[in-house]
Amino acid sequence: MSYLKSLPAETTLLQVFQANPEPARHLLAFHEVLLRGDSPFTPGERELIAAYVSGVNECGYCHGIHTVTAEAFGVAPGVLVAALADLDTAPVEDRMKPVLAYVGKLTRTPSRMTDADAEAVFAAGWDERALHDAVLVCALFNFMNRMVDGLGIRADDEYKSLSGERLKHSGYAGLAKFLPAD
């Protein structure tokens, strides 16, 4: 139930964006650049990072939507559940495990990050740009998780599926068409 009394009780993030279009436009543009723009990670890998961070934060809304989106981009069903339960034994590509471990630690205990954490990412074959992008996706979804949970936004499985598929096909820039004109 949304804490924003001017909006419906079952408010979605899109409705919050529609009610606050100016910051929403900038936020959606940042999402588009970060999650669909040029990167060492594929869009599916970036959605995997987003869903993983959201799962670590127990943000059901973002975890659900971005799990659907990651799966739409080819991440196998069940991978995120397994990764959150035990990353070491999860059926996650070996090259992605240090990245997920990095963003998981950055989410849980950011002040405890070390050179060794970054070196594990580099040892898996990723470069500095990849580490940068992983950190930005992590930071963005920590922000989004706080925004969603702080505003009391929830969604059922049907909405999570609809939203995840929409993100796969239209990206984040596609959401801007739902915002009121300037």
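I started with glutamate 58, which sits in the loop between H3 and H4. Helices here are DSSP runs of H or I with at least four residues, strands are E runs of at least two, and both are numbered from the N terminus. Glutamate 58 is not a glycine, yet its phi is positive, about 60 degrees. Buried or exposed, I wondered of glutamate 58? It counts as exposed because its relative accessibility is 70%; the cut-offs are under 20% for buried, over 50% for exposed and partly exposed in between, with a 1.4 Å probe and protein chains only.

Ground rules, before I forget: this is a predicted model, where local features need pLDDT of at least 70 and side-chain atom pairs count only at pLDDT 80 or more, while totals for chains, interfaces and linings use all residues. Numbering runs from 1 along each chain as its sequence is written, and side-chain values use heavy atoms, without hydrogens and water.

Next I checked how H2 (residues 21-36) packs on H8 (residues 128-150): the angle is about 145 degrees and the axes are 10 Å apart. Axes are lines fitted to C-alpha atoms, for helices over the stretch in contact, and angles run from 0 to 180 degrees between N-to-C directions. On the H2 side I noted Leu27, Phe30, His31, Leu34 and Leu35; their partners in H8 include Leu136, Leu140, Phe143 and Met147. Contact means heavy atoms within 4.5 Å. By class, this contact has eleven nonpolar residues, one polar and one charged. For the classes, Ala, Val, Leu, Ile, Met, Phe, Trp, Tyr, Cys and Pro are nonpolar, Asp, Glu, Lys and Arg are charged, and the others, Gly among them, are polar.

Then I went looking for holes. On a 1 Å grid over the protein atoms alone, a cavity is a set of points where a 1.4 Å probe fits but cannot get out; a pocket is an open set with protein on both sides within 12 Å along at least five of seven lines; lining residues have an atom within 4 Å of a point. Points join across faces, edges and corners, and volume is the space filled by probe spheres set on them.

I found one cavity of 30 Å³ or more. The largest cavity holds about 200 Å³, and among its 17 lining residues Leu13, Phe17, Ser163, Leu167 and Leu175 are closest to the centre. That lining has 13 nonpolar residues, three polar and one charged.

Last, the largest pocket: about 180 Å³, with 13 lining residues. Nearest its centre are Glu45, Leu48, Gly74, Val75 and Glu93. Helix H3 (residues 43-56) gives the largest share of this lining, three residues.
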